Amino acid sequence: MWEEDWARLGIEPTNDLAAIKKAYALKLKTTRPDDDAEAYQALRGVYERAQQWARAQESTHTENAPPASAAVAPMADDVLHTTAAPPPASASETVRQLHACWEQQGAQALMAQWPALRSLLDAQPLAAGAEWSAHFAHWVAQQPHLPDAFVAALNDHFGWQEDFRVERQIGPQLAEAVQQALRERQAQPAPVSEELQQQVKPLRQLDRLRSRGSAGWWLALLLQPMLARLLSGLGPRILGQCGIDLDMRRSLDNQLQTAWLMRAGVLAVLVFGLFLLTSDEGDLATLRMTMWCLWGTGWLGASHVLGMFMHHGVMLQRTGGPALSLPLQRWRRHARQPAVGLGLIVVAGVLAAFSSEWNLTAWTLPLNAHTVGLLQTLLDATPWVVLWLGAMLAWPLQPIFSPICLGMLVPVASLLFHWASPSDPWAAVMAIAVLYVLVGAARFEDRLGGNVMLDAVCRPITNTLALAWRWGWPFALLPSLLTLAYLFSARPHPAVSSLTMVWVLSTLALHQLQHRAEGWALARLDRSA
């Protein structure tokens, strides 16, 4: 080989094909065929000559090696063992195994895998580089709490930020995603305020109790709504700046999930006790408990799913392009939101109120019966479509309020339907219910003007949203679940005024109980930690 060829590659003469390939890949990052085609062709020729020379050196070394019979007999088993190479791993399988190692054993175990991973990546042919780069780029973009050192090593190997060929290799969308993820990692984090440190202090104290062998389950049981809201709301980056790494976050998350199950069990025992006290037979109490569980879980699940749909809207995935979605998040930060949406809800109510006059069958139209029926159906559906559009435009900004607004629509609409006459249009009654809930949400988020009278009328909605903001949406819907239990336990069925009173009292009682329990548990946590 010529000395200038090795100098162009930037390495010493070697018969290591992986080292030659790595040096060639590094040079390709700065040698653009579009800018200097001659330099690119020269580099390609150097790479091919280096490979030929390395293979020739390797074959010469193999021919001059002693025959297998000259080897010492006890070494035969080791030679057979080492020559049985494992089958080549795929990129997706490698990423899956690394992710499982990181999830099960932590960041240190993942970093320990880097030398073997680097050797595996160096052994891959150049034609497979794009596939491996795409799989690891997708992993880095989807997992923002991967160890920074591991991500930096991957970035150095694949050159996601320096190599001009990245967009052609893995696609412009994935390249932008991984580069954005790397920029966020490399951005200088803002200093953590003392107030934020005080907020996450209970999380560190609870983990310290667990690490010392004192699980502190009762404290986790009492503090679960607050700590779960804090753990999910801050995000891995801010928690990491506050001294809560990924392993600590996982252990806290598992402990708080167990505490949530314990709270749900305590609630179920109390409700079943209520049914036993108010039922003549145990079978009747069991039936009521089953009905309460089915109604409650269905209501909570539907509130969450439909609430997230109202918040995010419809999204259509496209092959080779960005997803199509409505700009709802941008609109909800507009100065005219939610006034425009609330206005459309009022329009929907007015249209529904006059829908009885839209009887096309009573008019003489030059159309056949099928066309008239189709037009009548469209006219009847117009108030519902306008109502849905208005609700989308007036929906709350914070995603945590979406399940609350959907969940509160059920009791509010039931109350209004109870008061309405059978001749009132359903769409008009539902428009009033949606308007009431969303006006309360807009007042709580301070996006709509008002007065003392409006605040007093919307107090049930704003109180429920306050519970959700502090302790999460499942806790905020707990008074409604207790009201549902009272509805199933009372015979004859209680009046609407009684149900409303039970809901108001349970809301106030739960707020006071959780507030006092948190104060006691935080003080006990300070003394224990």
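Me: Which residues lie nearest the centre of the largest pocket?
Reply: In this predicted model, Trp 260, Arg 263, Ala 264, Leu 267 and Leu 478 lie nearest the centre of the largest pocket. The lining is made up of 46 residues.

Me: Which elements give two or more residues to that lining?
Reply: Those elements are α13 (217–234), α15 (246–278), α16 (282–312), α24 (473–476), α25 (478–489) and α26 (496–528).

Me: And which of them gives the most to the lining of the largest pocket?
Reply: The most comes from α15, which gives 15 residues.

Me: How much space lies in the largest pocket, and how does its lining divide by class?
Reply: The space in the largest pocket is about 1500 Å³. Its lining has 31 nonpolar residues, 10 polar residues and five charged residues.

Me: What about the second largest pocket: how much space lies in it?
Reply: The second largest pocket holds about 910 Å³ of space. It is lined by 23 residues, and Val 410, Pro 411, Val 412, Ser 414 and Leu 415 are the closest to its centre.

Me: Which elements give two or more residues to the lining of that one?
Reply: For the second largest pocket they are α16, α20 (401–419), α23 (459–471), α25 and α26. The largest share, nine residues, belongs to α20.

Me: Where are Trp 114 and Phe 150 in the chain?
Reply: Trp 114 is in helix α7 (residues 114–122) and Phe 150 is in helix α9 (residues 148–158). They are 36 residues apart, and the pair links distant parts of the chain.

Me: Why is the pair of Trp 139 and Phe 150 edge-to-face?
Reply: The planes of Trp 139 and Phe 150 stand at 80 degrees, and the cut-off for edge-to-face is over 60. The centres of these two rings are 6.0 Å apart. This pair connects helix α8 (residues 129–142), where Trp 139 lies, with helix α9, the place of Phe 150, across 11 residues.

Me: Which residues do ring pairs link into a cluster?
Reply: The cluster consists of Trp 114, Trp 132, Phe 136, Trp 139, Phe 150, Phe 158 and Trp 160.

Me: Which residues in α9 are buried?
Reply: In α9 the buried residues are Phe 150, Val 151, Ala 153, Leu 154, Asn 155 and Phe 158. The helix is followed by Gly 159, which has a positive phi near 65 degrees.

Me: Over which rings do the charged ends of Arg 229 and Arg 250 sit?
Reply: The charged end of Arg 229 sits over the ring of Trp 469, 5.0 Å from the ring centre. For Arg 250, the ring is that of Trp 102, and the distance to its centre is 5.0 Å.

Me: How many disulfides are there?
Reply: The count is zero disulfides. As for individual cysteines, Cys 405 is buried at 2% relative accessible area, and Cys 458 counts as buried at 2% relative accessibility.

Me: Which peptide bond is cis, with omega near 15 degrees?
Reply: The bond from Gln 337 to Pro 338 is cis. Pro 338 lies in the loop between α17 (328–331) and α18 (339–353).

Me: What is phi of Asp 446, and where is Asp 446 found?
Reply: Phi of Asp 446 is near 60 degrees, a positive value in a residue other than glycine. Asp 446 is in the loop between α21 (426–444) and α22 (452–457). It counts as exposed because its relative accessibility is 64%.

Me: Lastly, is Trp 295 buried or exposed?
Reply: Trp 295, in helix α16, is exposed, with a relative accessible area of 55%.

How values were computed. Residues numbered from 1 in each chain as written. Predicted model: local features only at pLDDT ≥ 70, side-chain atom pairs only at ≥ 80, totals over all residues. Heavy atoms only, no water. Helix = DSSP H or I, 4+ residues; strand = E, 2+ residues; numbered from the N terminus. Phe/Tyr/Trp six-rings, centres within 6.5 Å; stacked < 30°, edge-to-face > 60°. Lys NZ or Arg CZ within 6 Å of the ring centre and 35° of its normal. 1 Å grid on protein atoms, 1.4 Å probe; cavity = no way out; pocket = protein on both sides within 12 Å on 5 of 7 lines; lining within 4 Å. Points joined across faces, edges and corners; volume = space filled by probe spheres on them. Nonpolar A, V, L, I, M, F, W, Y, C, P; charged D, E, K, R; others polar. Disulfide = S-S within 2.5 Å. Buried < 20%, exposed > 50% of the residue type's maximum accessible area, 1.4 Å probe, protein only.
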